[in-house]
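Good morning, and thank you for making time on the agenda.

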Amino acid sequence: MSDKVTITIDDCKITAPEGEKLLWVALDNDIYIPNLCALKEKDRPSASCRLCFVEVKGISDPVTACTLPVTEGLVVKTRSPEVDRLVKTAFELLITDHRLGCKKCPANNSCELQKISKERGLKYKSKRFKPFEKDEPIDESMEQFIFDRSRCVLCGRCVWVDHHVAEVGAIGFSLRGIKRKVTTFGDYDLADSPCTECGECVKVCPVGALSFNE
Amino acid sequence: MLRRNIDVFEECKNKALLKFVIMLGELNCVKEMFLLELLEGEKEFILEQVSEILKNNRTERENLVPLLQKVQGVLGYLPEPAIEKIAKTIDIPAVDVFGLATFYNQLRLNPPGKYQIKVCMGTACHMIGGQIILESFERRLDIVEGETTPDRKCSLERVACVGCCAIAPVVVVNEFIEGSLTPTRVDGILLQFDGDDQEEEAGEQEQEQESEGGQDS
Ligand code: SF4
Ligand code: FES
């Protein structure tokens with residue numbers, strides 16, 4: 001796997017280790033592709049946020065960059081009308097049930113959603129979808145961090161690190177559809193779960209759902 | 001709880017403790033998923049049954065859904081200790097089993113009530129206002145769909161089409177179908193439960209008296 005390949009992203013020639021996922025190659029070379037659910041350590045990407053679409057020469061439909069291993073001679077374009085439309089819809093859907101109010105948010109200025117909005121010129125107010133405000137109480141039972149589910153975008157990063165990095169198994173997804181959320185066993189407070197307050201999940205949260213107390 | 005909070009409040013002038021008291025107050029309004037307390041001896045019974053099922057079946061992760069179905073088949077629902085036990089045996093976090101159990105409609109966390117109310121949410125019932133019927137039940141019973149009243153008398157759930165769309169909106173109570181529902185009829189149905197219960201009680205008493213009378217003579 002240590003073979004190097006040369007690929008083209010937006011007319012830039014880039015060398016990268018063969019088999020590395022396109023998303024990470026692009027990000028390492030300062031080419032931004034929106035993403036929320038991807039984690040570099042994760043072998044099998046969940047590809048659930050649907051934000052990292054790109055156009056690849058020879059493939060008719062846009063492809064998710066986080067699942068595409070790079071191969072010699074790959075030609076990629078990060079923007080096209082099709083890609084923009086897909087990303088816009090995915091972003092709007094995410095924003096409709098994400099509690100806004102960036103000024104009061106602990107992730108203000110470090111938030112992935114803000115970054116995507118800035119990079120792609122996407123608005124926080126959607127004309128097509130009605131906002132759906134989640135009404136979840138904030139879990140403040142832990143000393144080091146708080147968990148505000150109404151800001152969660154269900155990317156699944158925290159669940160993955162909880163299971164595979166921290167190996168605790170305190171949080172997971174439960175329920176289905178619009179009610180889906182990250183919970184502990186029995187939806188109890190984090191303080192009543194096996195959580196060890198290692199803080200790994202807080203570090204990977206792309207938005208202000210999990211945040212350290214100052 | 002509030003009284004106790006106030007007592008604690010007066011005892012502690014310490015600020016940190018104060019925060020704790022406020023937190024306690026908030027905890028009370030959190031709705032829990034495992035709503036009902038287990039009856040006496042129920043936990044032992046549950047664990048016994050679950051161990052039995054775990055002994056006779058493959059305990060691998062791939063087999064998790066069939067296992068949960070079997071447990072529910074015996075107990076009628078998936079109580080907290082059962083889920084914990086299954087997770088421990090398969091050696092996966094309990095929260096993963098919990099996620100699965102809350103994902104599928106078939107699996108339930110609360111016991112079926114004496115009267116199982118199933119509100120139809122199929123296309124026809126949905127269009128004509130099934131939601132209103134469901135909400136009426138929720139308001140009157142003070143539970144939401146998927147839950148059981150604390151006395152285990154009524155459980156409420158939503159189902160897809162039950163096959164009699166002509167009389168929508170429809171509700172099925174213990175296999176008995178009620179059609180063309182209105183919120184007033186919902187009250188009627190609930191009243192009828194009380195009536196049925198009273199009749200049942202009276203019947204039981206009569207029987208007792210009779211058997212006593214039989215012994216006397
Ligand atoms: S809490 Fe954060 S990391 Fe976890 S799923 Fe929600 S947005 Fe993702
Ligand atoms: S980063 Fe590719 S789908 Fe989320």
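Let me begin with a term: two residues are said to be in contact when heavy atoms of theirs lie within 4.5 Å. Please bear in mind that this is a predicted model. By that criterion, 20 residues of chain B are in contact with 21 residues of chain A.

How much area do chain B and chain A bury between them? The value is about 1600 Å², and 61% of it lies on carbon and sulfur atoms.

One salt bridge is found across it. B:Glu145 is joined in a salt bridge to A:Lys179, and the closest N and O atoms are 3.3 Å apart.

Which helices of chain B each supply at least two residues of the side that touches chain A? They are helix H2 (15-29), helix H5 (80-90) and helix H6 (94-103). H6(B) gives the most, with seven residues. Sorted by class, the side of chain B that touches chain A comprises eleven nonpolar, three polar and six charged residues.

Next, the sheet in chain B. Its four strands form an open sheet in the order S2-S1-S3-S4, and the pairing is mixed. Strand S2 (154-159) and strand S4 (176-178) of chain B are the edge strands, each pairing on one side only. On average, neighbouring strands of this sheet are turned by 25° against each other, direction ignored.

Within the sheet, strand S1 (residues 115-120) and strand S3 (residues 171-173) of chain B pair in the antiparallel sense, over three bridges. There, B:Ile117 is placed opposite B:Val173 of S3(B). Across S1, S2 and S3 of chain B lies helix H8 (residues 130-141), which runs at about 150° to S1(B).

Finally, chain A. Strand S1 (residues 4-9) and strand S2 (residues 12-17) of chain A run antiparallel and are joined by six bridges. A:Ile7 has A:Ile14 in S2(A) as its bridge partner. S1(A) and S2(A) make a hairpin with two residues between them, and in the turn A:Asp10 has a positive phi of about 45°.

That concludes my presentation; I welcome your comments.

Conventions:
Residues numbered from 1 in each chain as written. Chains lettered and ligands numbered in written order. Predicted model: local features only at pLDDT ≥ 70, side-chain atom pairs only at ≥ 80, totals over all residues. Heavy atoms only, no water. Pairing = 2+ DSSP bridges. Axes fitted to C-alpha atoms, helices over the stretch in contact; angles between N-to-C directions. Buried area = accessible area lost by both parts, 1.4 Å probe. Salt bridge = Lys/Arg side-chain N within 4 Å of Asp/Glu carboxyl O. Nonpolar A, V, L, I, M, F, W, Y, C, P; charged D, E, K, R; others polar.
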